[in-house]
Amino acid sequence: MAKLQNPVKTSFEKVNDDLKEIHSGLNKYSKALEKKFKDRPLPFADNDALTTQTPLVDRAIAMHLLREGHFDVASTFINEVNSKQPSSSTSPTHPSVKPTTAASWEADFAPTALKSTALQQQFSSMYHILHEMRNNSNLSPAITWAQQNSSALSARGSNLEFDLCRLQYISLFTSSSTLAAIAYARQTFPRFGARYAAQTNSLLGALAFTPNIATSPYSSLFTPNDSPTSTPTSAQFNPTTLSTAAAAFTSEFCALLSLSSASPLLTAITAGYLAFPTLLKLSLIQERHHTSWTTAQELPVEVPLPPSYQFHSVFVCPVSKEQSTDANPPVVMPCGHVIARESCERISKGGRFKCPYCPGESHLRDAKVVYL
Ligand SMILES: [Zn+2]
């Protein structure tokens, strides 16, 4: 035992010495962290508009999870939110009908009762279509969807249905056989009629140059990677073509649900993250100079954000040259021109009036408020 005691003791001491080094390193590290990121209270905490709006925040999070395709996380989140709420017997129960319009999922997402079924169905079908498109180069589900929603898409002025069919035609043309492309064109193109006549004519004209597309007048119809001369026939689409098509599809799919193509929560958080240093600096300066933020609804500093985060929420009336406010919102006249409501009232004098920018006539009661 005595013989063993010494080696054990020295080993322990050695271990403790080693640990000392680690502990001092850790201490130094946490001190450095504290020095670098000073523990400062977040600004504007006392007038944070979101603390009283928990249901809206919950709704935004649930929406984000659903539209990103995290259905499991979303349903757990929604269950936990609902179980936390005092059981309100007044919240109506919605029968689970397959939704076709934006209104049906909005009912499910009333802030009082979070439910996800309708929206989840929509997004799971969206992700199925995207998966087929990206992973299997299979455009058929997307084309079927576009055909089913053809009238809504063309009402929006969308070219999605034609673009997808065009891609399918090009893919048949380049990777299978000319005959398959002809058969597909016969079956599909007549549906697009006169609206796309120029494009369909060019696509069919390319057939005449089949072996030498790259040197033909039609080479521009085929992106370099798609052209028959440069592509080994194994890959049907080049990745850029596919991701462009997938983005266009996502955007149209969300638009038919009255949703933006990017998650609003992600947009808001990213914009907030980018703007935060400026706001923090502003609050520190205000604290130091004991000034306060007096201008209502307007920041005293410029917050630089990239163009994709700029939403034109500011409208200046072209008649009065004044910026619109809640009390004086922009209104759109039947001709489509937009002016501030006060200008509209001034011009109309209560009766019919001519638009200041075109010969269109309108009445004050026909002018609708525009929400930017
Ligand atoms: Zn007009």
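**A guided look at the chain**

Author: Of the 372 residues in the protein chain, 29% are buried, where buried means under 20% relative accessible area, exposed over 50% and partly exposed in between (1.4 Å probe, protein chains only). Keep in mind that this is a predicted model, where local features need pLDDT of at least 70, side-chain atom pairs count only at pLDDT 80 or more, and totals for chains, interfaces and linings use all residues. Residues are numbered from 1 along each chain as its sequence is written, and side-chain values use heavy atoms, with hydrogens and water left out.

Reader: How many helices and strands are there in the protein chain?

Author: The protein chain has 13 helices and five strands. Helices (H or I, at least four residues) and strands (E, at least two) are DSSP runs, numbered from the N terminus.

Reader: Let's take a helix. Which residues of α6 are buried?

Author: The general idea first: an α-helix has 3.6 residues a turn, so residues three or four places apart point the same way. In α6, residues 140–148, the buried ones are Pro 141, Ala 142, Ile 143, Trp 145 and Ala 146. They pack against α5 (117–136), α7 (150–155), α8 (160–175), α9 (178–188) and α11 (239–256); contact means heavy atoms within 4.5 Å.

Reader: What does the side chain of Thr 200 reach?

Author: A polar contact is a pair of N or O atoms within 3.5 Å; within protein, one must be able to donate a hydrogen and the other to accept it, and residues adjacent in sequence count only if both atoms are side-chain atoms. Thr 200, in helix α10 (residues 197–205), has its side chain 3.0 Å from the backbone oxygen of Ala 197. Thr 200 counts as buried because its relative accessibility is 9%. Not counting residues up to four places away in sequence, Thr 200 touches Phe 162 and Phe 189.

Reader: And the sheet: what is the order of its three strands?

Author: Strands of a sheet pair through backbone hydrogen bonds, either parallel or antiparallel. Here the order is β2-β1-β5 in an open sheet with antiparallel pairing, and two strands pair if DSSP finds at least two bridges between them. β2 (338–340) and β5 (368–369) are at the edges with a single partner strand each, so one side of each has no neighbour in the sheet. Helix α13 (residues 341–348) packs on this sheet and touches β1, β2 and β5. Its direction makes about 90 degrees with that of β2, axes being lines fitted to C-alpha atoms, for helices over the stretch in contact, with angles from 0 to 180 degrees between N-to-C directions.

Reader: Is Ser 348 buried or exposed?

Author: Ser 348, in helix α13, counts as buried because its relative accessibility is 5%. Its side chain reaches the backbone oxygen of Glu 345 at 3.2 Å.

Reader: Last one: which residues are the protein donors of the zinc ion?

Author: Donors are N, O and S atoms within 2.8 Å of the metal (3.2 Å for Na, K and Ca); water is not among the atoms, so sites may look incomplete. In this case the donors are Cys 335 (SG), His 337 (ND1), Cys 355 (SG) and Cys 358 (SG), at 2.0 to 2.3 Å from the zinc ion. Their spacing in sequence is C-x1-H-x17-C-x2-C.

Reader: Why is the arrangement around the zinc ion tetrahedral?

Author: Because the four donor atoms subtend angles of 106 to 112 degrees. Four donors count as tetrahedral if all angles lie between 85 and 135 degrees; four count as square planar and six as octahedral if opposite donors are over 155 degrees apart and all others between 65 and 115; anything else is irregular.
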